[in-house]
8 protein chains.
Amino acid sequence: MTTVEDLITRLESEADQDRDPETTPDVGVVMGSDSDLDVMSGAHEALDELGFAEQTDFGDAPAERFTYETYVVSAHRTPDLMYAYGGAAADRGLDVIIAGAGGKSADLPNMTASIAYPTPVIGVPVQEKSVGSVIGMPTGAPIVAVDAGKSYNAALSAVQILSREHEELRGRLTETHEDLRADVADVSERLHDRGVDGFRADRG
Amino acid sequence: MTTVEDLITRLESEADQDRDPETTPDVGVVMGSDSDLDVMSGAHEALDELGFAEQTDFGDAPAERFTYETYVVSAHRTPDLMYAYGGAAADRGLDVIIAGAGGKSADLPNMTASIAYPTPVIGVPVQEKSVGSVIGMPTGAPIVAVDAGKSYNAALSAVQILSREHEELRGRLTETHEDLRADVADVSERLHDRGVDGFRADRG
Amino acid sequence: MTTVEDLITRLESEADQDRDPETTPDVGVVMGSDSDLDVMSGAHEALDELGFAEQTDFGDAPAERFTYETYVVSAHRTPDLMYAYGGAAADRGLDVIIAGAGGKSADLPNMTASIAYPTPVIGVPVQEKSVGSVIGMPTGAPIVAVDAGKSYNAALSAVQILSREHEELRGRLTETHEDLRADVADVSERLHDRGVDGFRADRG
Amino acid sequence: MTTVEDLITRLESEADQDRDPETTPDVGVVMGSDSDLDVMSGAHEALDELGFAEQTDFGDAPAERFTYETYVVSAHRTPDLMYAYGGAAADRGLDVIIAGAGGKSADLPNMTASIAYPTPVIGVPVQEKSVGSVIGMPTGAPIVAVDAGKSYNAALSAVQILSREHEELRGRLTETHEDLRADVADVSERLHDRGVDGFRADRG
Amino acid sequence: MTTVEDLITRLESEADQDRDPETTPDVGVVMGSDSDLDVMSGAHEALDELGFAEQTDFGDAPAERFTYETYVVSAHRTPDLMYAYGGAAADRGLDVIIAGAGGKSADLPNMTASIAYPTPVIGVPVQEKSVGSVIGMPTGAPIVAVDAGKSYNAALSAVQILSREHEELRGRLTETHEDLRADVADVSERLHDRGVDGFRADRG
Amino acid sequence: MTTVEDLITRLESEADQDRDPETTPDVGVVMGSDSDLDVMSGAHEALDELGFAEQTDFGDAPAERFTYETYVVSAHRTPDLMYAYGGAAADRGLDVIIAGAGGKSADLPNMTASIAYPTPVIGVPVQEKSVGSVIGMPTGAPIVAVDAGKSYNAALSAVQILSREHEELRGRLTETHEDLRADVADVSERLHDRGVDGFRADRG
Amino acid sequence: MTTVEDLITRLESEADQDRDPETTPDVGVVMGSDSDLDVMSGAHEALDELGFAEQTDFGDAPAERFTYETYVVSAHRTPDLMYAYGGAAADRGLDVIIAGAGGKSADLPNMTASIAYPTPVIGVPVQEKSVGSVIGMPTGAPIVAVDAGKSYNAALSAVQILSREHEELRGRLTETHEDLRADVADVSERLHDRGVDGFRADRG
Amino acid sequence: MTTVEDLITRLESEADQDRDPETTPDVGVVMGSDSDLDVMSGAHEALDELGFAEQTDFGDAPAERFTYETYVVSAHRTPDLMYAYGGAAADRGLDVIIAGAGGKSADLPNMTASIAYPTPVIGVPVQEKSVGSVIGMPTGAPIVAVDAGKSYNAALSAVQILSREHEELRGRLTETHEDLRADVADVSERLHDRGVDGFRADRG
């Protein structure tokens, strides 16, 4: 079975490979426990919708131009793995990290932000009670955060960051957004024109 | 399918029609999402009880003297629709707006209040956590709000406002209130006279 | 010295006089204690700016068309006075009541709303901790509230209510608002065009 | 059907009867709504355990020396009934009032305390969010309160108050308490001596 | 210097003296630290206003019929003294205890209530953050509490309890209350009749 | 049936036996009610995993070198039992106490810490709302606490304390920890290498 | 004096100029009021330290490669200006917006994020109570936020975003960070080696 | 000037020296910033009172048997230093660590607890808002904490831990405690016997 030490070795060896940035994951998604996956998978959903592919083998990039990877990293059970992941991020070619954690000591996002600096980290508080711990960084140690559970938005924000450099991503962001807007217009018109009772009847 | 732009065009065109105020909706009900409808329909219930009719076609007013309309308007997904709705409110003949939204950034009520000013807006926080965001306006930018989820009361308050001008509405407000008071008297007497055990037995 | 009973007698006698509504106060401002006056005087300030006059003698109306009056009414020390004030409100010709109270049991606004119903009452929580108590009314017993300490906005809202019937008030509301907007434009341009350091230097 | 006015008349007429205190209810239990009954019936349970009888007819006292009565009184829907109940309390022979209400504006307990003063009122916040509103009285307007939902304790406290005058009640209070203590001793010994696993197995 | 053990001996010896209740303190005021005295002295002030005298020598009662005494008892530094004080309360002739403590573990009031039961204890949270700890007792272990810092009201409540047995105290409670009401009436009339500006000018 | 007094006698008699420390429980686990057992049994689970045995008979120690015992002790229903347990702790050979309680007045942990001082007490707030009451001790009266519900961690901490003296326990603590770390490494590798969809499919 | 309409015209005209991105501000700093300037100027400080210049004339770029601009935009007093600023952002060449606002309805950051989308917006809650309103966006409407008052960190994050495209900025970010780290090392060594008393004495 | 790297080298070299435990610091005090020193120096004060000496040179132990050392370690600015300190703790001979940090992401205490495990760490939240972040560890990653600002108690708890092995420390802990108890007895007697007014007069 893999040990924490094995994973650390893997990450450090990947950092040493000096890969072409186009073949490394653009977005790293980390979470404190696999029990966070249901909340965090909003990020994967958004990235998939925006045309990103999941890279499961660092040495073998998917055909798609933009990719992401996922790891479980526990700040409190595996602080050494957290340190290795954050420390190797830039050399492994990551451009943005999305880090989610729950509980009142949700340290993974902000510790990763401190270690991986200046690579930007978007913190996702997995629970409402995690917001303060994720966002509360001292002056000089930046993190940006989304609201509790909003991993979908974290992925949009990650792509907004990437889109500064990659203009094609702006188009993808706008397209997704237009769908959302069309949904509002559609439901608004139906609710108004059918009236409350009619709308409800239609909804069944 | 209707687009946000279509709806904006519709609202602006209605604003230009300079309709007789007696044929336009008196109360506009807007909400951030149709998922808010279950909470917001307390407003429709109260308005129905007070003899208001729902107007689903701006150009074709119901026979009843007092009417309301309903739209979904998302502050964060369709800010342009929110601007159009608030900006056209007075010209479309609305006298009061009831605006409900959920989440911690429940911006629809207070943004609508700012845009539609001086038309009065009654904010309905759809969730407990929305109260602060709905109510917290700076000096000079007024909104009035009811408690979380109290859309029924928002409608009563809207009619209290209309009743300043339309005295007949005061009578309707008092009648509804008398029913409520009679319910209290009835249950109070039964609980007292039957005793706790008897009352419970009666309730089955 | 005046007793609570004297004041109750006075209010009830005024209610019996059946005065011409144009000569009675349009807005009644009540507060739980004179220690609330500093917070509540934002309401007086706004009313003054909008051309309202203070009516200090019920039998002798000022020349101005729109007027307000002020009383101290303690829900917990003088509940009978609170009942008398709320109960006499409509007959004394009040159109809107602004009621402010502090503490965690800020009962004056909501009790007044219950007693004076269907006359609209705008609650002003005098302290942050008063918000829940002011706003938290059950279904069927409406109050509308502004944020803690926002008595100025409460007065704007009161006038928004009156302006449904009195169109001239809409103009006054808009004028005041334009001044506020001009201030924003002015400071925004100066901050931008002078730059942060220049702006601060100008401010001295 | 009974009206609020009927109940007020009833209470006032009872207050005028100048009954022998031994035949009037010692404890009055009031609550804002019959939906509070499930929480408030802890008070009835405790009073029953302490040998109190429920008096459902003011003119016809039960044989037991100590009695209680129950009414629904809504502060916000029937403020006049609340005023009548609190105002008539002393003359109707009540010695202590237990008043429970829910919501964030849980005004029944503290308004009743203000009106019935100096008859002592024990406030029961029916929900956690009612605590602040129940307890937050200004200086000079006393109420005492128990924790949210603790109507059982409110009844014990009411009897502690009565026991100052009626020594026999102290004995009853102590007996009930001994049962509670015996339960703790019993479970403590079994948990310790059987061990955690044995204890759980016994519990099934 | 006195030791904790000396005080315990003193209290236990007083409990054994079987004194005439008319010569023992009616109200015991305890606080967790002398730093609480500024908050707690509201209780002394109210008791003084109601004609109570302070008894500083258990063996030598003042001439006044109603008396109180004061001790510092720290739940966490002197748990044995707390146990002795609560345990001896009934035998030392105390009828009501007012117990105040600060901090988030404000255990003195509720532990004293548990130990002195069935003697009634009124808890005074000395700080806002102490409210939960003071009030949060489990079923079967009653305490009643006032709001944070309201020691004055705690004393009124204590006297309300005593007044069940001692009717003369009801009169004193009502008199004090009338003064308070007169103050409200006076300031209310002056604010109304002089107007806001005149009232302020008068106040200087 | 056992009474509280019986248990007190038992504890005091055990304290007088001057037993060999190797035969007395090292860790005492107390909780306010047997309804806390589900939360508190995390402590038993951790102690079992670390090779501790439960001692259910003070006079008959298990063969294992390290042991624990469990009692129910209610601060508010049986304050005398709490005093007896805390007071006898050192003489009964306890090295660390783990004390858990729920509610807003979770006094058992901190009162036990005050009484048993200088024996260390680790407080376990059984509910989130118990945290403040457990942790909030004044200067000079120490307690250490874990987060709400974390009785498992409280046991680890208790053993960390014992391990200062007993080096063999450090090894056991590290072993348990390694298992935990291996779990993280395993799930992390599988999530990454299989990808989100593959991982979920594997999980079934 | 400039009006809101003047500013809107200015912004829209600048958007139409299709300027070379190298001559437009990279970062736009907006705040709800000039009273927020003291909190928000942390952003200017950080940008200055990182070699950015303030651009006070859109048509006349400073010599430095990276620049920022500053405007006051009130969401509630000037919603039209907010709409114009956000709507023109991309065409005016802004790459990132830092938006700060205070109060409980801190709508400027999240409304700007909605309007300027997909240009990234970093929200700065100017007060602790603004955090929820700034961060609480619904799915599909992203914002990223820093902690209350952390405008300095918001600027670092803005530059982290820009640094994805402009590698030279990474170097500047790291340099600033090294200074911060050196400060920690220095004070840590002095505190340790001098001891607490010596360190304090040195500090004077 | 010392760099972070210098300090890390120093700590690692000390860890390699395999010093006699009697000559190494028993307690390590770390804090996130020297601005925390005023809060954290309560720990130094308590340690000094209990006869501990400060060791400012790892290679040159003071004569006293028990010693402590102090470092500033910033979790977010110098995560590598935090890893080095926690990782070297056991080998540098530390028996207990007291770690304090402020802010809402007070990560130093819990990260140090994770890294230094199984060496016990006592967390000190430097501000009230730091409590959740310090205490909120997941199952399997223990920390114990004191209340916000209670560094004095943290030191007492650290010595309680050491006293399991070093019996002489129990005596010191008890002595200090007796002084505290004597203070309570003294002030309690004076307040009671002099009366409130007399006590105040004495205090001047």
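Colleague: Let's start with a loop: between which two elements of chain B does B:Asp18 lie?
Modeller: Happy to, and please keep in mind that this is a predicted model. B:Asp18 is found in a loop of chain B, and the elements on either side of that loop are α1 (4-15) and β1 (27-31).

Colleague: What is the phi of B:Asp18?
Modeller: Most residues other than glycine have a negative phi. B:Asp18 is a residue other than glycine, yet its phi is positive. The value for B:Asp18 is near 50 degrees.

Colleague: Which peptide bond of chain C is cis, and where does its proline lie?
Modeller: Most peptide bonds are trans. In chain C, the bond joining C:Tyr117 and C:Pro118 is cis, with omega about 10 degrees. As for the place of C:Pro118, look in the loop between α4 and β5 (121-125) of chain C.

Colleague: And in chain E, what is omega for the bond from E:Tyr117 to E:Pro118?
Modeller: E:Pro118 sits in the loop between α4 (107-116) and β5 (121-125) of chain E. The bond from E:Tyr117 to E:Pro118 is cis, and its omega is near 10 degrees.

Colleague: How many of the residues lining the largest pocket are charged?
Modeller: The lining has 38 residues, and those nearest the centre are B:Arg170, C:Ala89, C:Ala90, C:Asp91 and C:Thr119. By class, eleven are nonpolar and nine polar, while the charged residues number 18.

Colleague: What about the second largest pocket: which residues are closest to its centre?
Modeller: About 720 Å³ of space lies in this one. Its lining is made of 35 residues, and the closest to the centre are G:Ala90, G:Asp91, G:Ala116, G:Pro118 and G:Thr119.

Colleague: Which element gives the most to the lining of the second largest pocket?
Modeller: At least two residues each are supplied by α7 (168-203) of chain A, α3 (79-88) of chain B, and α3 (79-88) and α4 (107-116) of chain G. The lining as a whole has ten nonpolar, nine polar and 16 charged residues. The most comes from α7(A), with five residues.

Colleague: Is the crossing of α6(F) and α7(F) left-handed or right-handed?
Modeller: Two packed helices are described by the angle between their axes and the distance between the axes. For α6 (residues 151-165) and α7 (residues 167-203) of chain F, the axes come within 6 Å and cross at roughly 145 degrees. The crossing is left-handed.

Colleague: How far apart are the closest C-alpha atoms of chain B and chain E?
Modeller: Chain E and chain G do not touch, with their nearest C-alpha atoms 19 Å apart. No contact joins chain B and chain E either, and their closest C-alpha atoms lie apart by 21 Å.

How values were computed:
Residues are numbered from 1 along each chain as its sequence is written. Chains are lettered from A and ligands numbered from 1 in the order in which they are written. This is a predicted model: local features need pLDDT of at least 70, side-chain atom pairs count only at pLDDT 80 or more; totals for chains, interfaces and linings use all residues. Side-chain values use heavy atoms; hydrogens and water are left out. On a 1 Å grid over the protein atoms alone, a cavity is a set of points where a 1.4 Å probe fits but cannot get out, and a pocket is an open set with protein on both sides within 12 Å along at least five of seven lines; lining residues have an atom within 4 Å of a point. Ala, Val, Leu, Ile, Met, Phe, Trp, Tyr, Cys and Pro count as nonpolar, Asp, Glu, Lys and Arg as charged, and the others, Gly among them, as polar. Grid points are joined across faces, edges and corners, and a volume is the space filled by probe spheres set on the points. Helices (H or I, at least four residues) and strands (E, at least two) are DSSP runs, numbered from the N terminus. Axes are lines fitted to C-alpha atoms, for helices over the stretch in contact, and angles run from 0 to 180 degrees between N-to-C directions. A crossing is left-handed if the near helix is turned anticlockwise from the far one by less than a right angle, and right-handed if clockwise. Contact means heavy atoms within 4.5 Å.
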